[in-house]
Amino acid sequence: MSQKFSYDHDDQKLTPKQEIELFHSIENDIDESITQKSKLAGWVNDRLPIIATLENTLKKHPYPKNLSYWWNFGSIAGIALVIQILSGLFLAMHYVPNTQHAFDSVEHIMRDVNYGWLIRYIHAVGASMFFVALYAHIIRGLYYGSYKAPREILWWIGIIIFLLTMATAFMGYVLPWGQMSFWGATVITNLFSAIPVVGKSIVEWLWGGYSVDNPTLNRFFVLHFLMPFLIVGVVLLHLVALHTAGSNNPTGVPIKTKKDAIPFHPYFTIKDLLGFVVFFLIFGYFLFFYPNALGHPDNYIPANPLVTPAHIVPEWYFLPFYAILRAVPDKLGGVLMMFGAIILLFFLPFLDRSQVRSGAYRPMFKKFFYLFVINFIFLGWLGKSPAEGWYIWASRITTFYYYAYFLIILPFLPKFERVLQLPKSIDEHYQESHKKH
């Protein structure tokens with residue numbers, strides 16, 4: 001039976017500061033440190049404390065014992081990022097960032113370079129797999145309230161990673177210099193011309209001229225090469241913020257005692273390895289059987305400024321935001337709505353006013369959340385559909401719900417919803433969930 005929310009234990013509700021202090025007061029016990037077992041490890045650690053840092057992370061640092069497989073997507077996204085950087089480095093050795101040779105250099109990689117086809121497809125399919133992991137990671141955060149205090153900065157850094165990844169992916173899509181590359185770059189960069197007064201100057205600065213041409217391709221290549229290393233730096237900040245505030249969990253209840261926590265190794269290393277196996281099976285399926293399923297066939301046609309494709313569409317991971325852009329008849333309004341759809345995520349910790357962190361204990365919230373996910377997928381489908389007839393009206397309705405979810409439903413739903421009783425501790429939830437199985 002549902003009831004009004006209350007923490008049903010002796011303690012009062014913890015403040016974010018108290019939650020962090022309690023989290024840092026708990027450490028997992030270890031029998032003997034590596035630096036004590038090995039003289040070499042101790043010698044290295046005295047001069048560079050990297051071994052102690054790793055040991056603290058893997059052994060001493062407490063992690064909630066009830067983390068589900070939804071928490072695997074963070075590490076999967078990390079592996080996908082490493083794959084993209086390594087495959088990108090090898091591609092950059094053979095790619096020529098020149099409008100006269102870019103398309104041919106990609107064909108050269110595919111046809112003449114030893115295993116060039118494999119490296120290129122790893123990079124192309126890997127981009128899609130990276131975004132699958134990112135979207136799943138964000139969806140998990142939205143459902144379980146991982147953006148709430150004390151994890152606001154952790155959430156903000158995650159959204160910055162998402163924005164940097166989108167920018168990097170967009171510039172990478174331009175590099176093959178096919179039809180969709182050229183026209184996608186033209187359409188997206190032209191959006192900045194909607195900015196009053198300075199818009200045209202910004203577009204010409206981005207292009208390096210008066211149209212998408214060789215200077216554009218050159219600078220996009222340089223930025224596409226460098227930005228993944230910037231993303232790695234921000235990911236490290238993300239991990240620091242995670243270790244400061246601690247991991248969220250399916251209940252949203254903070255770690256209170258040693259019974260609630262286990263070390264990362266060996267428990268979550270094994271769990272992550274299983275996630276990697278499943279990820280690589282899916283990755284391999286697309287890589288070897290359907291490498292072009294997630295791309296656009298027009299990008300195998302060399303870029304031609306004189307021939308416009310029938311439908312200009314970006315890669316699938318941009319489609320929901322592209323649908324929002326096209327839903328608004330005014331150019332500036334469309335640009336503001338598109339970018340606003342992502343910027344809105346930064347304000348999420350202040351928009352959701354529910355005291356309950358996890359959506360698992362909010363029955364009404366669940367229904368709105370599932371509808372939000374379906375709505376977002378439908379937006380993606382509308383993004384690849386022609387901007388005409390009922391598609392435009394459907395885009396407007398789904399755009400309205402996207403914004404209504406954040407600006408109306410999340411702020412006002414806590415006033416009306418009745419929530420389920422939270423477990424007293426993570427350990428209690430863990431024991432109950434295992435009794436069911």
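This is a predicted model: local features need pLDDT of at least 70, side-chain atom pairs count only at pLDDT 80 or more; totals for chains, interfaces and linings use all residues.
The lining of the second largest pocket is made up of 30 nonpolar, twelve polar and two charged residues.

**Second largest pocket.** Select H123, A124, G172, Y173 and H224, which are the closest to the centre of this pocket among the 44 residues that line it. The space here has a volume of about 960 Å³. Next, colour α5, α6 (102-111), α7, α8 and α11, the elements that each give two or more residues to the lining of the second largest pocket. Keep α7 highlighted: nine residues of the lining of the second largest pocket come from α7, the largest share.

**Largest pocket.** Now select G74, S75, H238, L239 and L242. These lie nearest the centre of the largest pocket, which is lined by 45 residues. Its volume is about 1400 Å³. To see the surrounding helices, show α4 (50-60), α5 (73-92), α7 (116-144), α8 (152-174), α11 (214-245) and α12 (267-289), each of which supplies at least two residues of the lining of the largest pocket. By residue type, the lining of the largest pocket has 26 nonpolar, 15 polar and four charged members.

**Largest cavity.** Three cavities of 30 Å³ or more are present in the structure. For the largest cavity, select E19, F23, P64, R151, A245, G246, S247, N249, V253, P254, I255 and I426, which line it. The volume of the largest cavity is about 70 Å³. Seven nonpolar, three polar and two charged residues make up the lining of the largest cavity.

Key:
Residues are numbered from 1 along each chain as its sequence is written. Side-chain values use heavy atoms; hydrogens and water are left out. On a 1 Å grid over the protein atoms alone, a cavity is a set of points where a 1.4 Å probe fits but cannot get out, and a pocket is an open set with protein on both sides within 12 Å along at least five of seven lines; lining residues have an atom within 4 Å of a point. Grid points are joined across faces, edges and corners, and a volume is the space filled by probe spheres set on the points. Helices (H or I, at least four residues) and strands (E, at least two) are DSSP runs, numbered from the N terminus. Ala, Val, Leu, Ile, Met, Phe, Trp, Tyr, Cys and Pro count as nonpolar, Asp, Glu, Lys and Arg as charged, and the others, Gly among them, as polar.
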